[in-house]
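Biologist: Before I use this model, I want to hear the grounds for the labels put on it. Please go through them with me.

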Amino acid sequence: MAAINPYLMFNGTCEEAFVFYKSVFGGEFPYIGKYKDAPAEEGEQLSEEDQNKVMHVSLPIGNTILMGSDSHPRYGDVSFGDNFSISINAESTEEADRIFNGLSAGGHVEMPMNKTFWGAYFGMFKDKFGVNWMVNFDENEPNK
């Protein structure tokens with residue numbers, strides 16, 4: 001069955017927040033990547049400040065993984081109440097599609113399920129109740 005993890009969004013303070021959370025919970029970041037580490041969209045030019053924002057970070061806490069990122073400039077700042085998502089790590093592409101299609105019905109798909117540059121099958125949407133969701137299946141490596 002799929003695992004569910006909280007995913008927090010920040011307006012440029014993600015790294016600071018996660019260093020703080022790590023100081024409280026302990027542990028290490030299995031992954032922390034910046035926007036400069038990702039391939040740029042065609043014609044996209046990010047400022048140096050935006051390039052150094054966190055694209056993704058994860059911090060294991062018990063059986064849960066707290067994940068986060070800074071909002072990408074193309075989407076603008078996040079606001080209170082819209083700064084988190086529920087991230088589901090599926091066990092197969094079929095399970096990912098079933099969950100994505102079921103929960104996104106009547107909602108707004110922001111990123112359809114697709115293979116990504118980081119090697120996962122991934123999609124994002126806001127359900128018909130206004131809740132943000134991310135669905136992920138890592139084919140080649142354990143969940144980060």
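This is a predicted model: local features need pLDDT of at least 70, side-chain atom pairs count only at pLDDT 80 or more; totals for chains, interfaces and linings use all residues.

Biologist: How do you know where domain 1 and domain 2 lie?

Modeller: The bounds come from an automatic or database domain assignment. Domain 1 takes in 1-36 + 51-69, and domain 2 covers 86-138. Their centres, taken over C-alpha atoms, are 19 Å apart.

Biologist: What makes residues of domain 1 and domain 2 part of the contact?

Modeller: Contact requires heavy atoms within 4.5 Å. Eight residues from domain 1 and 10 residues from domain 2 take part.

Biologist: What area is buried between domain 1 and domain 2, and what share do carbon and sulfur atoms give?

Modeller: About 760 Å² is buried, with 60% from carbon and sulfur atoms. On the side of domain 1 that touches domain 2, strand S1 (residues 3-10) gives the most, with four residues. By class, that side of domain 1 has seven nonpolar residues, one polar and no charged.

Biologist: How many salt bridges and polar contacts cross the interface of domain 1 and domain 2?

Modeller: The rule finds zero salt bridges there. It does find two residue pairs in polar contact, both at pLDDT 80 or more.

Biologist: Why is Ala105 called partly exposed?

Modeller: Buried means under 20% relative accessible area and exposed means over 50%. Ala105 has 45% relative accessibility, so Ala105 counts as partly exposed.

Biologist: Where does Ala105 lie?

Modeller: Ala105 is in the loop between helix H3 (93-104) and strand S6 (108-115). From Ala105 to Phe125 the C-alpha to C-alpha distance is 9.7 Å, with the two 20 residues apart in sequence.

Terms used. Residues are numbered from 1 along each chain as its sequence is written. Side-chain values use heavy atoms; hydrogens and water are left out. Buried area is the accessible area (1.4 Å probe) that two parts lose on being put together, summed over both. A salt bridge is a side-chain nitrogen of Lys or Arg within 4 Å of a carboxyl oxygen of Asp or Glu. A polar contact is a pair of N or O atoms within 3.5 Å; within protein, one must be able to donate a hydrogen and the other to accept it, and residues adjacent in sequence count only if both atoms are side-chain atoms. Helices (H or I, at least four residues) and strands (E, at least two) are DSSP runs, numbered from the N terminus. Ala, Val, Leu, Ile, Met, Phe, Trp, Tyr, Cys and Pro count as nonpolar, Asp, Glu, Lys and Arg as charged, and the others, Gly among them, as polar. Buried means under 20% relative accessible area, exposed over 50%, partly exposed in between (1.4 Å probe, protein chains only).
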